[in-house]
Amino acid sequence: MYKIHGIGLSEFQNDFKNILKLIHPEDQSKVQAVFTQLLSGESSQIEYRIFQKDGTEKYVLGKGDPLFDKDGQVVAIFGYLQDITENKMLEQELRKNYRIIAQAQSLAKI
């Protein structure tokens with residue numbers, strides 16, 4: 001997780017408010033909504049963007065599952081974060097190429 005965020009262990013503050021600061025502002029509300037789902041006992045998955053120290057963005061996929069105690073209360077959340085930046089960049093390039101092909105076909109009347 002530290003490698004994905006581009007920070008060292010000593011720089012990482014493992015509380016939700018500090019983690020939220022690493023998330024793109026446009027994605028923070030949907031991450032908060034998923035966190036609420038997890039706390040209510042629902043497993044969840046989300047794609048969102050995070051900032052790197054150099055100002056660049058990464059796309060990540062987060063998956064989480066709640067852990068319950070014997071009374072059915074959520075006591076922890078287990079999950080993982082996967083860097084999907086390369087996949088997202090390839091998807092964007094593919095969409096761009098499809099648009100170019102569609103324009104060319106339209107102009108050529110094919």
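How many residues apart in helix α4 are Arg-95 and Glu-91? They are four residues apart, which means that about one helical turn of α4 (residues 85–108) separates them.

## Basis of the model

The model is predicted: local features need pLDDT of at least 70, side-chain atom pairs count only at pLDDT 80 or more, and totals for chains, interfaces and linings use all residues. Residues are numbered from 1 along each chain as its sequence is written, and side-chain values use heavy atoms, with hydrogens and water left out.

## Overall fold

The chain has four helices and three strands, arranged along the sequence as α-α-α-β-β-β-α. Here helices (H or I, at least four residues) and strands (E, at least two) are DSSP runs, numbered from the N terminus.

The radius of gyration of the chain is 19 Å, well over the 13 Å that the globule rule gives for 110 residues, so the chain is more spread out than a compact globule. This radius is taken over C-alpha atoms, and the globule rule is 2.2 Å times the number of residues to the power 0.38. The C-alpha trace spans about 65 × 35 × 20 Å along its principal axes.

Of the 110 residues, 27% count as buried. Buried means under 20% relative accessible area, exposed over 50%, and partly exposed in between (1.4 Å probe, protein chains only). Among contacts (heavy atoms within 4.5 Å) between residues at least 6 apart in sequence, 39% join residues at least 24 apart.

## Salt bridges

Side chains of opposite charge can pair when their charged atoms come close. A salt bridge is a side-chain nitrogen of Lys or Arg within 4 Å of a carboxyl oxygen of Asp or Glu, and the whole structure holds seven of them.

One of them joins Arg-49 to Glu-26, with the closest N and O atoms 3.2 Å apart. Arg-49 lies in strand β1 and Glu-26 in the loop between α2 and α3, so the pair ties together parts that are 23 residues apart in sequence. Arg-49 is buried, at 16% relative accessible area, whereas Glu-26 is exposed at 60%.

Lys-58 and Asp-83 form another salt bridge, at 3.6 Å from N to O. This pair links distant parts of the chain, with Lys-58 in strand β2 and Asp-83 in strand β3, 25 residues apart. Lys-58 counts as buried at 19% relative accessibility, and Asp-83 as partly exposed at 35%.

Arg-95 and Glu-91, the pair in helix α4, also form a salt bridge, their closest N and O atoms being 3.6 Å apart. Arg-95 is partly exposed at 46%, and Glu-91 is partly exposed at 33%. Elsewhere, salt bridges that share partners join Glu-26, Asp-27, Lys-30 and Arg-49 into one network.

## The largest pocket

The largest pocket has a volume of about 650 Å³. On a 1 Å grid over the protein atoms alone, a pocket is an open set of points where a 1.4 Å probe fits, with protein on both sides within 12 Å along at least five of seven lines; lining residues have an atom within 4 Å of a point. Grid points are joined across faces, edges and corners, and the volume is the space filled by probe spheres set on the points.

The lining has 23 residues, of which Met-1, Ile-19, Phe-35, Leu-38 and Ile-77 lie nearest the centre of the pocket. Strand β3 gives the largest share, five residues. The lining divides into 14 nonpolar, seven polar and two charged residues. Ala, Val, Leu, Ile, Met, Phe, Trp, Tyr, Cys and Pro count as nonpolar, Asp, Glu, Lys and Arg as charged, and the others, Gly among them, as polar.
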